[in-house]
Amino acid sequence: MMPPEDHDRSPYTGWTRAHWVMVADEMLAAVEPYWSPGGARLDLPGPTSRNGEVSDGLEGFARTFLLAGFRVAGERGADPSGLLERYAHGLAVGTDPGSSEAWPRPDTADQAKVEAASIALVLQLTRPWLWDQLDSAVQDRVIAWLSTVVGQPYPPINWVWFRIVVESFLREVGGPWSAEDIYQDLSVHQSLRRADGWLSDGRERSYDHYTGWALHLYPLLWTHLFDVTGTLCPQSLRDLWASDLTRYLDDAAVLVGADGSPLMQGRSLAYRFAAAAPFWVGAITGTGEHKPGLARRAASGVLRHFVDRGALAPDGLLRLGWHREWTPIRQSYSGPGSPYWAAKGMLGLALPADHPVWTDVECPLPVETGDVARVITAPGWLVSARQDTGIVTVINHGTDHALPGDTRADAPLYARLAYSTATMPPLVDSHPVDSSVCLLDGNGVPSHRSGFHTLFVRERPGGVLVGASHGPVRWVDTNADTSPDHGSGRSGPITPGPPVLVASVVRDGVEIRLVRVDGETSSTLRLSGWPVAADQRPHIQVEGLHVAVTAAMRSCLRGVRGFDHAGVDDCPGTSPLGAYGFVPWLATAAAPVPGRVLAAAVWLDRGGPEPAIPVVTVEHNEISLRWSDGLDTRVTLPNP
């Protein structure tokens with residue numbers, strides 16, 4: 001039974017720290033039946049990852065250890081349930097090389113490199129109550145296990161922070177560590193910095209929740225928990241990270257829907273409420289310009305969004321899925337313990353009950369105070385948040401988990417033209433279905449656009465956002481690639497297509513999508529809108545060049561220039577948001593004329609009167625839009 005809601009202190013979510021505590025305690029109690037006999041693993045039910053059952057069991061231990069550590073730290077060491085005793089026993093067994101439950105070592109198993117960081121982080125966070133109470137022989141074994149990270153290769157992505165955290169803990173407890181390792185890893189992190197506080201998870205244009213729950217989670221937390229400022233971390237570097245996080249949090253708050261849903265984009269979505277992590281980092285380290293009440297509003301909104309929608313199964317377990325269990329969302333590295341990295345989003349429990357983040361009154365999210373129109377430059381996103389619907393939409397002209405010129409198939413959680421807090425791309429089909437502009441070959445197979453070039457993303461007067469991207473499309477035969485990794489484009493034989501330019505003009509939640517094919521082709525063109533998934537069959541309306549799919553959300557398309565017919569694709573079983581799935585589309589009857597601009601209106605709302613569509617005039621590459629209030633917007637497309 002949840003505690004009573006407090007709408008004086010929490011007018012938006014009703015949730016207080018007591019609700020967070022109850023959720024955490026229920027999550028930890030739910031895993032109790034799945035401890036291995038020796039206590040070194042949590043062998044949770046579900047499909048095994050590519051790393052195997054033993055690694056998955058370590059993952060279950062390490063990720064729930066995060067939650068247990070936050071819980072005890074926030075109580076200043078009070079631990080009436082004996083959480084730390086349970087994990088102390090597992091530490092002793094898992095690091096004993098002679099035990100039948102010995103953990104794989106970081107120098108022999110890559111996944112152990114990841115989990116070692118969670119273990120080291122909690123050991124530092126709870127040091128007076130756990131590490132300092134361990135038998136010296138157990139301490140030596142833990143040090144020996146962790147120290148196998150020293151000198152090991154780590155991919156130049158968010159993983160570098162795993163080694164930094166482990167070696168920093170080793171440094172503090174007198175174990176072996178390498179200053180060279182840490183300086184190399186800090187250099188990698190520096191190379192990932194992009195405009196306005198954003199970070200790309202690798203060289204590719206990889207912008208997603210990893211920016212917040214991994215790349216912004218660790219730097220300032222590292223300086224907060226470890227004695228590194230002024231030594232391993234110059235004060236100037238810490239100040240730079242604080243500036244980055246401050247700017248990033250300003251965008252992150254805009255990307256949370258009024259119902260608490262984070263943007264459904266990027267890989268590892270099974271981590272769910274880990275999306276709340278950066279708000280807690282700001283609160284813990286005193287970083288950012290947001291009031292404590294906004295941090296709690298955002299974080300409580302995200303956690304409650306998932307709890308209210310059944311993310312914790314009837315038995316209390318957090319299984320692979322989004323709201324409820326839905327295994328198609330898993331990736332090859334996903335095991336039954338993987339979802340418990342959602343614990344990162346519960347970092348705020350490490351703050352005591354008298355901290356302002358828990359005692360201040362909640363502040364509204366940006367989408368709750370008015371409409372928002374914003375360009376986020378690094379990922380190439382046009383962000384439109386609508387107060388009347390509570391939905392945040394992103395039109396994407398910069399992110400595709402690839403570099404320009406890449407010829408792989410589109411990754412559905414990166415390369416679509418649009419994402420939102422209310423829709424998720426169909427994840428089963430290997431071809432672009434939703435939010436795309438494709439050429440169709442003779443068999444009706446759509447082309448892919450991954451590897452495109454961003455041309456521009458800009459803010460214009462009157463709350464207008466404009467963006468454009470361009471690149472050659474291709475057809476990719478993905479039949480031989482059965483990887484479930486939605487975060488990476490699949491590979492296969494390539495059939496090249498012509499360059500295609502796509503531009504977007506967005507105002508008041510309506511996108512005018514402009515398309516120009518810059519080469520000869522015999523293929524027809526299809527433009528698709530927002531996907532709608534529901535447990536009840538949506539209402540479908542197709543009238544000429546106007547098509548609408550309506551359930552809890554309404555996805556609409558209207559042909560403005562150059563399209564000949566409209567329809568709806570049926571995509572059952574492709575979304576965790578509902579058994580039914582439909583995507584509206586517009587298409588040409590013949591191959592588009594090279595250099596001719598086509599146009600369509602695309603929008604997502606919750607029904608009601610349809611928005612006014614601007615009058616669009618095209619003169620070669622000069623586009624003029626006259627909005628219903630008389631505002632004129634002009635867009636010049638680059639020459640082919």
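The chain holds 14 helices and 20 strands. Those are DSSP runs, numbered from the N terminus: helices are H or I with at least four residues, strands are E with at least two.

A word on the source. This is a predicted model, where local features need pLDDT of at least 70 and side-chain atom pairs count only at pLDDT 80 or more, while totals for chains, interfaces and linings use all residues. Residues are numbered from 1 along each chain as its sequence is written, and side-chain values use heavy atoms, with hydrogens and water left out.

Now the overall shape. The C-alpha trace spans about 80 × 55 × 50 Å along its principal axes. For 640 residues, a compact globule would have a radius of gyration near 26 Å, and the chain agrees, at 25 Å. That radius is taken over C-alpha atoms, and the rule is 2.2 Å times the number of residues to the power 0.38.

Next, burial. Of the 640 residues, 63% are buried, meaning under 20% relative accessible area with a 1.4 Å probe, protein chains only.

On to the aromatics. How many aromatic pairs does a search of the whole structure find? The search gives 26. Rings of Phe, Tyr and Trp (its six-membered ring) pair if their centres lie within 6.5 Å; planes under 30 degrees apart are stacked, over 60 edge-to-face, the rest tilted.

Take tryptophan 198 and tyrosine 207. Their ring centres lie 6.4 Å apart and their planes stand at 65 degrees, so the pair is edge-to-face. Tryptophan 198 is buried, at 2% relative accessible area. Tyrosine 207 is buried too, at 5%.

One aromatic cluster to find on screen: Trp159, Phe162, Tyr210, Trp213, Tyr218, Tyr271 and Trp341.

Conventions:
Buried < 20%, exposed > 50% of the residue type's maximum accessible area, 1.4 Å probe, protein only.
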